[in-house]
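Work through the exercises below with the sequence and the coordinates side by side. Each task is followed by a solution that goes step by step.

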Amino acid sequence: MSNNRKNKRHVCVVPVEGKKNSVFDHTQVIDFSKGGIGFVSQHRIPVNKEVPIEIDLTADGKPVFVVGRVQWVQRIMNSKSYRVGMSFEDVLQGSKSRLNEYFKENKVG
């Protein structure tokens, strides 16, 4: 796990809506930046796994679509859960500007 991040992470404790009984079932995002997310999962997710992600930033129903790549996984002491760091490898067309606008409007990142 690196503390030399390109973008400052901000606390964002929200549940993840993942397919039931998938590795993303019972997952919670704990931080978020323009470049990636950190989350806690009850499942060990392989490093380098690519994952399509839909992020709802506003109530207007216009989500941002990204492809994330798991950068690191660390077992949480005295727990059955894992802390996972994922970078955004590809922000799909039209979505990058919405992601940047979100951080600009909310004075984040």
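Predicted model: local features only at pLDDT ≥ 70, side-chain atom pairs only at ≥ 80, totals over all residues.

Residues are numbered from 1 along each chain as its sequence is written, and side-chain values use heavy atoms, with hydrogens and water left out.

**Exercise 1. Find the aromatic pair and classify its geometry.**

Start from the rule: rings of Phe, Tyr and Trp (its six-membered ring) pair if their centres lie within 6.5 Å, and planes under 30 degrees apart count as stacked, over 60 as edge-to-face and the rest as tilted. By this rule the count comes to one aromatic pair. The ring centres of Phe32 and Phe88 are 6.4 Å apart and the planes stand at 65°, so the pair is edge-to-face. The pair links distant parts of the chain, with Phe32 in strand S2 (residues 28-33) and Phe88 in strand S6, 56 residues apart. Helices (H or I, at least four residues) and strands (E, at least two) are DSSP runs, numbered from the N terminus.

Next, consider accessibility, where buried means under 20% relative accessible area, exposed over 50% and partly exposed in between (1.4 Å probe, protein chains only). Phe32 is buried at 7%, and Phe88 is buried at 11%.

**Exercise 2. Which residues of the largest nonpolar core touch the most other members?**

A nonpolar core is a set of buried Ala, Val, Leu, Ile, Met, Phe, Trp, Tyr and Cys residues joined through side-chain atoms within 4.5 Å. The largest one has 20 residues, of which Phe32, Ile37, Phe39, Ile53, Ile55 and Phe88 touch the most other members. At least two residues of this core come from each of S2, strand S3 (36-41), strand S4 (50-55), strand S5 (64-75), S6 and H1.

**Exercise 3. Decide how the buried residues of helix H1 are arranged around its axis.**

In H1 (residues 95-105), the buried residues are Ser95, Leu99 and Phe103. Seen down the axis, they fall within an arc of 75°, so they line one face of the helix; the arc is that of the directions from the helix axis to the C-beta atoms. On the other side of H1, Lys104 and Glu105 are exposed.

**Exercise 4. How many bridges join S4 to S5, and how many join S5 to S6?**

Two strands pair if DSSP finds at least two bridges between them. S4 and S5 run antiparallel and are joined by six bridges, while nine bridges join S5 to S6, which also run antiparallel. In the latter pairing, Val66 has Val91 of S6 as its bridge partner.

**Exercise 5. Is Asn78 buried or exposed, and what is its phi?**

Most residues other than glycine have a negative phi. Asn78, in the loop between S5 and S6, has a positive phi near 55° and is exposed at 83% relative accessibility. Asn48, in the loop between S3 and S4, has a positive phi of about 75° and is partly exposed at 48%.
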